[in-house]
Amino acid sequence: ARLAAERRPARGDADEALLAFLVGSIHSARTPLIASMAMAMAITLAAYEVTGAAIFLLPAALHVVIGLGRLERLAVYRSYERKGLTRRQVVGCDIAFACWSTLYALAIGFTCYKLTLLGGSTETFALALATCTGFTLAFVTRSAGRPCTLALQVAGVALPQATSLLIQPFP
């Protein structure tokens, strides 16, 4: 029994390995990340086109800055990975990715919020709800193993939309 206990990895080692795997999987999925950012930009530009409200140019500009920041974080992770990641670097990459992802969710949430308030039609209302729902579900599937990041992303996109639903009558 003592020999078996010696062979088992310590609980902390397993937790660190899981975190490294989850952070690695997020940072190695460049194509889905780019597709998500392109979709968010397309929706934001569609909101601008449908409403004519220049306010949508703000989240569009934010998507560019946030997208570059997120891609830069992928490059940082890859450079660390080539040299051999330390636990501190894994945690740092995870926190940085969570911060950029939260800003991304807030930009999408702001778009949904303003689209609901400014739209005035069932089409814009449907676009706002579909965007909020779709991105919330995507965040759940992508960040399920990292609950803090997940909570920040879901709150960032869903709370602005929920607020707009509370203050705006339905079309």
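Phe135 and Phe139 are 4 residues apart in helix H6, a separation of about one helical turn. Helices (DSSP runs of H or I, at least four residues) and strands (E, at least two) are numbered from the N terminus. The structure is a predicted model in which local features need pLDDT of at least 70 and side-chain atom pairs count only at pLDDT 80 or more, whereas totals for chains, interfaces and linings use all residues. Residues are numbered from 1 along each chain as its sequence is written, and side-chain values use heavy atoms, with hydrogens and water left out.

## Aromatic cluster

The ring centres of Phe135 and Phe139 are 6.2 Å apart and the ring planes are at 50°, so this pair is classed as tilted. Rings of Phe, Tyr and Trp (its six-membered ring) pair if their centres lie within 6.5 Å; planes under 30 degrees apart count as stacked, over 60 as edge-to-face and the rest as tilted. A search of the whole structure finds 3 aromatic pairs. Another of them joins Tyr104 and Phe139: with ring centres 6.3 Å apart and planes at 70°, the pair is edge-to-face. Tyr104 belongs to helix H5 (residues 87–119) and Phe139 to helix H6 (residues 122–143), so this pair ties together parts that are 35 residues apart in sequence. Tyr104, Phe135 and Phe139 form one aromatic cluster.

Buried means under 20% relative accessible area, exposed over 50% and partly exposed in between (1.4 Å probe, protein chains only).

## Packing around helix H3

Two packed helices are described by the angle between their axes and the distance between the axes. Axes are lines fitted to C-alpha atoms, for helices over the stretch in contact, and angles run from 0 to 180 degrees between N-to-C directions. The table lists the packing of helix H3 (residues 30–51).

| Helix pair | Angle | Distance between axes |
|---|---|---|
| H3 and H6 | about 165° | 11 Å |
| H3 and H5 | about 25° | 10 Å |
| H3 and H4 | about 175° | 9 Å |

By its angle, H3 is roughly antiparallel to H6, roughly parallel to H5 and roughly antiparallel to H4. Angles under 35 degrees count as roughly parallel, over 145 as roughly antiparallel, 65 to 115 as roughly perpendicular and the rest as oblique. H3 passes H6 in a left-handed crossing, and the crossing of H3 and H5 is also left-handed. A crossing is left-handed if the near helix is turned anticlockwise from the far one by less than a right angle, and right-handed if clockwise.

Which residues make these contacts, where contact means heavy atoms within 4.5 Å? Between H3 and H6, the residues involved include Leu33, Ser36, Met39, Ala40 and Ile43 of H3, with Thr124, Leu127, Thr131 and Phe135 among those of H6. Towards H5, residues of H3 including Leu33, Met37, Ala40 and Thr44 meet residues including Phe97, Tyr104, Ile108 and Leu115. Helix H4 (residues 57–83) contributes Val64, Gly67, Arg70, Leu71 and Leu74, among others, to a contact in which H3 takes part with residues including Leu33, Met37, Ala40, Met41 and Tyr48.

## Further buried sites

Ala29 has its place in the loop between helix H2 (11–28) and H3. With a relative accessible area of 18%, Ala29 is buried. The C-alpha atoms of Ala29 and Leu74 are separated by 9.1 Å, although the two residues are 45 residues apart along the chain.

Thr116 is found in helix H5 and counts as buried at 6% relative accessibility. Leaving out residues up to four places away in sequence, Thr116 touches Phe125, Ala128, Gln161, Ser164, Leu165 and Gln168.

## The chain as a whole

The protein chain comes to 7 helices and 0 strands, and its elements run α-α-α-α-α-α-α from the N terminus on. The C-alpha trace spans about 70 × 35 × 20 Å along its principal axes. Of the 171 residues, 37% count as buried. Among contacts with a separation of 6 or more, 75% are accounted for by residues 24 or more positions apart.

How values were computed. Contact = heavy atoms within 4.5 Å.
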